[in-house]
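Dear colleague,

I am handing over the structure below, and I would be grateful if you could read it alongside the notes that follow. They begin with a single residue and then widen to ring pairs, strands and the whole chain.

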Amino acid sequence: MPAPLGERLLKKGLISDSELDIALAEHVKTGELLGRALIRLGFLDEEELCLTISEQLSIPYVKIKHVDIDASLLEKVSARIACHYKLIPIRFKENTLVAAVTDPLDIKALDDLRIILGCEVDSVLAKESDIFESIRRHYGIGADTMEEAGGPDEDLLLRAKSQDIESITEDASIIRFVNQILAQAVKDRATDIHIEPYEDELKVRYRVDGVLFDMPIPKNIKYFQSAIVSRIKIMANLDIAERRLPQDGRIKIRMTGQELDLRISILPTQFGESIDIRLLSADMLYSLRDLGFLPEDLKIIEYLIQKPHGIIFVTGPTGSGKTTTLYSCLSKINKSDRKIITIEDPVEYQLKGITQIQINPQIGLTFAAGLRSMLRHDPDIMMVGEARDFETAETTIRIALTGHLVFSTLHTNDASGGIARLLDMGVEPYLVSSSVECFIAQRLVRLICPNCRISKKVDRDILKEFGVKDAAGDVIVYEGQGCEYCKFSGYRGRTGIYEFLPMNEAIRELIISKASSDRIKKNALASGMRTLRMDGWEKTKKGLTTISEIIRVTKEDRF
């Protein structure tokens with residue numbers, strides 16, 4: 001006989017007989033609750049399960065994401081209790097605590113809570129995922145772990161306060177807390193974790209879709225600051241005794257079924273060492289078609305990367321996706337009949353079939369020195385992580401003139417600024433004119449969340465700012481309202497916007513005559529070039545991103 005819950009789910013058409021049989025077999029085999037087994041196997045949605053149990057037991061189902069929880073309740077129910085019993089307190093009235101739980105039939109757990117809290121306990125039903133998200137939001141990441149660290153005997157907390165760092169760095173609580181920070185970052189799709197010390201607090205911030213967000217953490221985390229830093233240093237094979245100099249390292253871990261390469265950067269500050277952890281994954285490699293190029297731009301770049309020689313510069317500030325674009329280009333042309341060598345600082349992704357070199361200035365392996373040695377390895381295609389000085393830029397350009405296709409990056413605001421940057425370094429105009437095939441400027445913009453996208457009319461003043469004149473009728477664009485899927489930001493994921501400045505005879509002549517970047521840009525616009533803001537407007541019209549995002553990352557066109 002199937003369980004009453006199973007019968008209800010069958011009657012409602014939420015599962016099939018075969019799915020119920022499989023879940024029942026799992027229930028018997030593992031002792032897992034039937035509903036949990038159905039969710040884990042992908043047969044049932046968690047909310048559908050909660051609604052069905054709510055009807056079955058006549059217990060209210062609450063969406064706790066929309067419930068305001070009083071801070072006094074969080075003091076009454078500790079993080080350890082909340083995590084252990086999978087509950088979140090909702091309200092307290094007349095000596096009765098109302099708590100949202102995942103299993104209202106767990107009478108033993110409710111009896112334990114009555115004894116621990118010294119009051120009556122009533123339960124309402126909530127999704128397990130919502131309860132754990134609420135625990136993280138209200139108590140902080142790893143709050144149960146930090147409570148355990150400062151438990152009844154408070155031994156670890158006392159040692160932390162006395163700066164007995166060596167004895168606590170390898171403590172299970174510290175190890176687990178660092179792991180929780182990493183796991184939550186992966187879950188939230190963060191690209192960077194910032195652990196920042198201040199006079200009276202330690203902050204943890206995640207960069208998600210290019211924007212930093214404060215993460216809730218336990219109040220007593222400041223006492224464990226040195227232990228957390230030392231734990232990360234040990235993972236990255238860094239010197240835990242050195243606290244006065246910057247250090248860089250790497251950690252390789254496997255989490256949620258994927259290999260992650262963590263780049264660690266540690267800086268000494270006034271109140272301790274600040275840490276940035278960059279999260280890189282092989283899954284972050286994209287094909288050119290996934291980078292957000294408009295069809296006409298995709299044709300240009302696919303044509304450029306098939307050239308036998310010359311240099312292609314990708315420009316933009318740090319974090320604008322330049323390296324990802326270059327790796328995508330290399331992946332496209334990586335074939336067995338070509339020798340490809342890269343020199344980088346650091347090597348961000350490992351590409352099979354490509355020789356990659358990590359620079360090490362301390363032993364004399366600079367970009368310029370590495371480039372000269374690379375030439376003796378018979379390369380067809382080369383990538384230089386960044387042309388950051390005259391020697392590197394000139395060597396890179398001369399290599400392109402000797403019959404090699406070269407990719408590199410520059411830090412400039414737009415494509416035409418790349419020309420001014422090279423000339424400012426001291427590279428001769430004729431070298432730039434004869435070697436460079438294209439400058440590509442790029443930025444990353446957030447994509448509108450597909451689940452909460454709505455349309456809106458554009459104000460006429462905004463249209464003028466984007467150079468749109470005499471638009472017939474109302475112009476419709478889109479924005480995200482904010483929902484659970486996008487964590488109420490209105491955005492999920494990112495794409496690129498681009499500005500292509502391919503070389504032609506007119507541009508080459510302007511470079512030879514040392515024309516200003518503004519004059520070069522005007523000439524390119526007359527030839528049909530789209531600026532970053534123009535490309536952003538095209539993607540806004542397609543409903544991919546918002547006007548506010550384009551304004552955030554680009555400057556107004558004055559031409």
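Glu-242 counts as buried, since its relative accessibility is 15% (buried means under 20% relative accessible area, exposed over 50%, and partly exposed in between, with a 1.4 Å probe and protein chains only). Please bear in mind that this is a predicted model, in which local features need pLDDT of at least 70 and side-chain atom pairs count only at pLDDT 80 or more, while totals for chains, interfaces and linings use all residues. Residues are numbered from 1 along each chain as its sequence is written, and side-chain values use heavy atoms, with hydrogens and water left out.

To return to that residue, Glu-242 is found in the loop between helix H13 (225–235) and strand E7 (247–255); helices (H or I, at least four residues) and strands (E, at least two) are DSSP runs, numbered from the N terminus. A polar atom of the Glu-242 side chain lies 2.8 Å from the backbone nitrogen of Arg-244. Once neighbours within four places in sequence are left aside, Glu-242 is in contact with Lys-233, Gln-247 and Glu-273, where contact means heavy atoms within 4.5 Å.

Arg-388 counts as partly exposed, at 35% relative accessibility. Leaving aside neighbours within four places in sequence, Arg-388 is in contact with Asp-345, Ile-359, Phe-367, Arg-421 and Met-425.

Next, the aromatic side chains. The structure holds four aromatic pairs, a pair being rings of Phe, Tyr and Trp (its six-membered ring) whose centres lie within 6.5 Å, with planes under 30 degrees apart counted as stacked, over 60 as edge-to-face and the rest as tilted. The pair of Phe-313 and Phe-439 is stacked, because the ring centres are 5.6 Å apart and the planes stand at 10°. This pair links distant parts of the chain, with Phe-313 in strand E10 (residues 310–315) and Phe-439 in strand E15 (residues 436–448), 126 residues apart. Both Phe-313 and Phe-439 are buried. Tyr-327 and Tyr-349 form an edge-to-face pair, at 5.1 Å centre to centre and with 75° between the planes. Tyr-327 lies in helix H15 (residues 322–333) and Tyr-349 in the loop between strand E11 (340–344) and strand E12 (355–358), so the pair ties together parts that are 22 residues apart in sequence. Tyr-327 is buried at a relative accessible area of 0%, and Tyr-349 is buried at 6%. Ring pairs also link Phe-293, Tyr-498 and Phe-500 into a cluster.

Charged groups meet rings as well. The charged end of Lys-76 sits over the ring of Phe-92, 4.9 Å from its centre, and the charged end of Arg-453 sits over the ring of Tyr-478, 4.1 Å from its centre; a charge sits over a ring if NZ of Lys or CZ of Arg is within 6 Å of the ring centre and within 35 degrees of the ring normal.

As for the strands, an open sheet of seven strands has the order E12-E11-E13-E14-E10-E15-E18, with mixed pairing (two strands pair if DSSP finds at least two bridges between them). E12 and strand E18 (491–502) stand at the edges, each with a single partner strand, so one side of each has no neighbour in the sheet. Within this sheet, strand E13 (residues 381–384) runs parallel to strand E14 (residues 405–410), the two being joined by four bridges, and Met-383 stands opposite Phe-407 in E14.

Elsewhere, strand E5 (residues 202–208) and strand E6 (residues 211–214) run antiparallel and are joined by four bridges, with Tyr-206 opposite Phe-213 in E6. The hairpin of E5 and E6 has two residues between the strands, and Asp-209 there takes a positive phi near 55°.

Finally, the chain as a whole. The protein has 24 helices and 18 strands, and 50% of its 559 residues count as buried. Its C-alpha atoms fill a box of roughly 85 × 65 × 45 Å, taken along the principal axes.

With kind regards

Methods: A polar contact is a pair of N or O atoms within 3.5 Å; within protein, one must be able to donate a hydrogen and the other to accept it, and residues adjacent in sequence count only if both atoms are side-chain atoms.
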